[in-house]
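Please open the model in a viewer and keep the sequence panel at hand.

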2 protein chains.
Amino acid sequence: MKKNSPTLSDVALKAGVSMMTVSRVINNKGKVKPETREHVLKIAAEVGYRPNYIARSLATKRSTTIGLVVPDITNPFFSEIAKGVEDEAYRLGYNVFLCNFDENPEREFDVLTSLAEKQVDGIVLCSSRQNNKQLYHSLGLFKHVVLINRQLPAPSHTIQSLILDDFNGAKLAVEHLLSHKRKRIVLLSGPKQSHSAFQKEKGYLAALKKHNIAHDPEQIKHCSPTMICGKDTMSMLLKNDPTIDAVLAFNDLLAIGAMLACQEFGKIIPQELEIIGFDDIPLSKLIIPGITTLTYPKKEIGSIAMKIIYQMMDQDISLDFPKTFAPQFIFRQSSPK
Amino acid sequence: MKKNSPTLSDVALKAGVSMMTVSRVINNKGKVKPETREHVLKIAAEVGYRPNYIARSLATKRSTTIGLVVPDITNPFFSEIAKGVEDEAYRLGYNVFLCNFDENPEREFDVLTSLAEKQVDGIVLCSSRQNNKQLYHSLGLFKHVVLINRQLPAPSHTIQSLILDDFNGAKLAVEHLLSHKRKRIVLLSGPKQSHSAFQKEKGYLAALKKHNIAHDPEQIKHCSPTMICGKDTMSMLLKNDPTIDAVLAFNDLLAIGAMLACQEFGKIIPQELEIIGFDDIPLSKLIIPGITTLTYPKKEIGSIAMKIIYQMMDQDISLDFPKTFAPQFIFRQSSPK
DNA sequence: TTGTAAGCGTTATCAC
DNA sequence: GTGATAACGCTTACAA
């Protein structure tokens, strides 16, 4: 059996000083005579001392730890955000708890509770699927919260939101399709509880209304945000109505799925049918035809979320980060400029 | 300012019992009279008591927390594994620190150190890029380790390895291509320090040797495991040597990149050129032509890794999990059966 | 069945 | 500059 790792007091004993001196040296805090500092450092290295952050956290009430809560880390949109969060956390000396909730509000609640119990300094919550009341309750457990793509009616100084302007993104996309004389534009929407899906739906309807186009409810379908669901849903739609000439998809996974369905139906893209997605996942650029898409700077958003929490920790400094992100239109073959 | 959250002793005071009684109730441990239990629970709920796991961890020397260390969470192979780990962790009441190291051994070392300081109960380390000496040193910081796709010369009872049989996977793939009379088989290999890439290279060479095929060093190219690198490298290869008639790729991202390059060169797949990849990422099934691939049960591997750590914690020692995984051949259009 | 006391490894506070 | 002592919130071990 290996013996327990050395503690502050082990080092202190061996160095012939008090624990506080060792603590000061380790944390570079307070005054310590250079010689004793050297000596302590030498002993610490000798015995292989490592600070115990659990003990430190208990004493300081700071865990240098945050939680990142996402619907599904295998979705490229969220894994990019996660990368941004984690990279920034690494720079700042933080660690990140990753939690998936699989579009399941109950699991979302569970993981939030467990993160609170682990005393995280804050959380980044993406695309919450809880209703406002539940959500407000859950978030009360935390000192600092950054919400990505979800706004709370009664914001507080502990809760910041980073908003993606999905409403205007969808509106822009539909107007682009209309300018190409598209007549039957289908919306492959996302999960029913998704705030983002809701905004995109509103944008889609707003564009149609603005141009006095009648809206057929059959043209909106909800899907889980996966390629396979996009393909299946699109196949079904094309079977019922071969006159569809454009698709706006909740995300690129759905858009690509739809495109694969079109290929099977012999629909030529973009001549016979145009497709626009959201997110600009890596694949969208490489596939042929390339997917036209609306996107946000995902890594940057993750990084900003982490920075905001970090700043909130240290008594709200300036917080001069962008809080809302306009979609960027990227034109590729599936719906050219 | 919100007041601090209530502690065990707050609850004890208000309930008129000792801290230990409350502790017993909260943890369902030891004997407590049903009536007092009810009463304590009621008070706890009233004041909104939540256990502080930092304090608990310090007392028990268990953090119910593990670290998951991967090269890059945006790679679908690792995000699937991460999903498996996290799902199982959720079931077992654990939380998971996610760390990327971006193929950078120094960062890998850093994150391992920080995880040790956070007192994780164990780590799951995927595709380490450290050399054996460094690695052995880093792993010494942990009580329990599961290595995915990396074996240590001197294994210990604290370190378990889950091995993917990439050698035989590559060998099988090449033999399959040879059975189709392919003459010039290119290997798009992975990062130079990758254990997995090394094994696949050995398998590739072994198959050629077994069938007395001369090996041309120009036919092995190292790539970073991304679609774009696959496409660029394949373009370059085809430019130099249009007689290439088969590709074995380190992973499906590279395979798909290679396929896109072939399409640009007008190479007909699979008639003129066959492609085989590894990992069976979701896209490989959906794209046309589908990518033939060798795969492992990624979520299951993640789940098993977490279970192993959990069992090691409780000296359960049954540990009757599979430790080595044979690749499963999935035939699609890019290299039919 | 319940309570008391010590201790987990660190930092805050205040004295020297 | 340095050190003693009391927290931090919980559990372990033992006593009642």
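**First stop: a strand and its partners**

Select A:Thr295 and then A:Gln328 in strand S12 (residues 328–330) of chain A: the two are bridge partners. Helices (H or I, at least four residues) and strands (E, at least two) are DSSP runs, numbered from the N terminus. The model is a predicted one, in which local features need pLDDT of at least 70 and side-chain atom pairs count only at pLDDT 80 or more, whereas totals for chains, interfaces and linings use all residues. Residues are numbered from 1 along each chain as its sequence is written, chains are lettered from A and ligands numbered from 1 in the order in which they are written, and side-chain values use heavy atoms, with hydrogens and water left out.

Now show the whole of strand S10 (residues 292–295) of chain A. S10(A) pairs with S12(A) in the antiparallel sense over three bridges, and two strands count as paired if DSSP finds at least two bridges between them. With strand S9 (residues 274–278) of chain A, S10(A) pairs in the parallel sense, again over three bridges. Here A:Leu294 is the bridge partner of A:Phe278.

Are the two faces of S10(A) covered or open? Both are covered: A:Thr292 and A:Leu294 on one side, and A:Thr293 and A:Thr295 on the other, are all buried. Buried means under 20% relative accessible area, exposed over 50%, and partly exposed in between (1.4 Å probe, protein chains only). In a regular strand the side chains alternate between the two faces of the sheet.

**Second stop: between the chains**

Display chains A and B together; 50 residues of chain A are in contact with 51 residues of chain B, contact meaning heavy atoms within 4.5 Å. The area buried between them is about 4800 Å², of which carbon and sulfur atoms give 61%. This is the accessible area (1.4 Å probe) that two parts lose on being put together, summed over both. In chain A, select A:Ile54, A:Lys118 and A:Leu286, which lose the most area to chain B, together 15% of what that side buries.

Across this interface there are 10 salt bridges, each a side-chain nitrogen of Lys or Arg within 4 Å of a carboxyl oxygen of Asp or Glu. One of them joins A:Lys83 and B:Asp72 (3.3 Å, N to O). The pair runs from helix H5 of chain A to the loop between strand S1 (65–70) and helix H5 (76–92) of chain B. A:Lys83 is buried, at a relative accessible area of 5%. Select also A:Asp72, A:Asp102, A:Arg107, B:Lys83, B:Glu86 and B:Asp87, which a network of salt bridges links.

**Third stop: links within a chain**

In chain B, a salt bridge connects B:Asp280 and B:Arg332, with the closest N and O atoms 2.9 Å apart. B:Asp280 lies in the loop between strand S9 (274–278) and helix H12 (282–286) of chain B, and B:Arg332 in the segment after strand S12 (328–330) of chain B, so the pair ties together parts 52 residues apart in sequence. Both residues are buried.

Return to chain A for the salt bridge of A:Asp216 and A:Arg184 (3.5 Å, N to O). Their positions are 32 residues apart. A:Asp216 is partly exposed, at 27% relative accessible area, and A:Arg184 is also partly exposed, at 26%.

**Last stop: an exposed loop residue**

Finally, select A:Asn212 in the loop between helix H9 (195–210) and strand S7 (220–222) of chain A. Is A:Asn212 buried or exposed? A:Asn212 is exposed, with a relative accessible area of 73%.
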